[in-house]
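Here are my notes on this one, as numbered points. Have the model open while you read, and start with the sheet.

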Amino acid sequence: MILVTAVSLPTAVQDWLHHRERIAAGALRSRMEPADAPDHSAAWVTRSYVPARGGTGVNGSWADVIPLSSARVALVVSDVPASGMQATVCIGLIGAAVRALAELDLAPEEVLARLDDIVSRFTAGQGNKWSLSFVERLVGATYLYAVYDPIARRCVMASAGHPPPAVADPDGSVHVPELPSNRPLGMGEPVFESLDLELAEGSTLLFYTGGLVRACRTDDAIAGLLSRAMRQSGPSIKDAWRVTVDTVTPLLATEDDLALLVVRTRALSGDRVVTWELPGDPAAVAGFRSLVLQQLDQWDLANLDFTTELIASELVTNAIRYGREPMQLRLIYDRILICEVSDGSSTSPHIRRASATDEGGRGLFLVANCAQRWGVRYTNQGKTIWAEQALNTEATPEP
């Protein structure tokens with residue numbers, strides 16, 4: 001018989017291993033999370049991560065910005081109860097999952113419901129003990145998923161145990177909305193509720209993780225922090241972000257890290273969005289093709305005449321033939337050109353490759369080949385099929 005006894009490592013070796021894990025976790029985290037938030041026409045966003053001063057340095061706070069269809073943007077912030085390499089692995093898993101769900105254009109409450117199911121499956125005892133020891137840390141993770149629409153100027157958000165953002169109106173008044181908190185992920189929450197806010201153009205939102213809650217303790221203190229940052233920074237969102245980070249960092253507990261999103265909302269002007277109601281008559285398609293071409297001429301986008309006419313014609317024809325009223329055609333002139341057709345049916349369209357002898361079935365195939373991206377978004381009223389074309393325009397500078 002061979003007896004195995006526990007051997008305590010020398011303090012110097014333990015310190016070296018601890019330092020090695022800290023460096024590895026930090027390096028992996030920095031590769032997973034870009035330093036700058038992507039530029040987007042819906043909002044100016046500044047993102048930052050403040051590592052913990054003690055422990056492994058890397059904990060489970062993180063934030064993300066995900067472009068969506070129709071010029072919208074998803075704003076994500078989460079807090080995973082883990083540290084070091086465990087936190088980094090969990091962030092990678094849940095980050096990949098939410099980006100995949102974002103591609104489906106689900107409502108925020110549906111995204112959280114799917115995430116909750118994914119976390120439950122991760123931790124249901126499947127796989128080996130090594131993998132389970134990492135993903136079990138996802139249980140109890142808090143999560144907030146918000147979608148901002150710059151055309152409607154509305155922000156719909158849902159939370160899984162995560163605190164709501166602080167909101168500053170353009171006049172400087174700050175409040176913290178009453179967001180249904182629901183339970184954290186993996187805790188068996190069957191239903192998630194959302195909050196729908198109308199935001200004035202130029203509103204500022206501060207999304208944060210639990211480190212700020214523990215540092216400020218109350219919603220009023222968090223609102224006061226954003227209010228002071230707005231007063232000291234002037235119109236620049238980057239200055240507001242710097243003031244916030246500089247103010248909060250000394251207040252954080254040694255074991256706390258912090259992820260921040262500072263968001264300044266924008267709105268698409270009315271002359272950049274055109275909407276037409278569609279009748280249920282196939283003979284009307286030719287008239288709408290002419291309206292699309294006229295609008296492109298007004299926007300000085302005649303180089304996109306052929307592809308846009310084809311996309312609009314195919315989508316409108318499919319809606320009239322297979323959809324239900326009310327039906328609508330919308331063009332959005334943003335940094336890309338977006339063509340949308342909505343109808344009252346929730347029937348899912350499927351792209352296929354038509355054979356040489358087929359008389360139809362090429363509509364979505366043509367749309368997919370003419371557009372840079374296309375997809376389907378479901379709503380309470382039915383569905384919207386959208387297609388995007390690149391313009392190669394310059395990015396709008398930050399105010």
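1. Let's begin at one end of the sheet. Strand β5 (residues 154-160) runs antiparallel to β8, and five bridges join them. One of the pairs to look for is V156, whose bridge partner in β8 is D196. For the terms: strands (E, at least two residues) and helices (H or I, at least four) are DSSP runs numbered from the N terminus, and two strands count as paired if DSSP finds at least two bridges between them.

2. Before going further, some housekeeping: this is a predicted model, where local features need pLDDT of at least 70 and side-chain atom pairs count only at pLDDT 80 or more, while totals for chains, interfaces and linings use all residues. Residues are numbered from 1 along each chain as its sequence is written, and side-chain values use heavy atoms, with hydrogens and water left out.

3. Now the whole sheet. It is open, with five strands in the order β2-β3-β4-β5-β8 and antiparallel pairing. β2 (59-67) and β8 (194-198) sit at the edges with a single partner strand each, so one side of each has no neighbour in the sheet. On average, neighbouring strands are turned by 15° against each other, direction ignored.

4. Two helices pack on this sheet. Helix α2 (residues 84-103) touches β2, β3 (73-83) and β4 (142-149), and its direction makes about 20° with that of β2. Helix α3 (residues 108-122) touches β4, β5 and β8, at about 25° to the direction of β5. Contact here means heavy atoms within 4.5 Å; axes are lines fitted to C-alpha atoms, for helices over the stretch in contact, with angles from 0 to 180 degrees between N-to-C directions.

5. Who pairs with β4? Seven bridges join β3 to β4, antiparallel, and S78 has Y143 as its bridge partner in β4. Six bridges join β4 to β5, also antiparallel, with A146 opposite M157 in β5. β4 and β5 form a hairpin with four residues between them, and R153 in the turn has a positive phi of about 55°.

6. Last, confidence. The mean pLDDT (the predictor's confidence in each residue, from 0 to 100) is 83, and 82% of the residues reach 70 or more.
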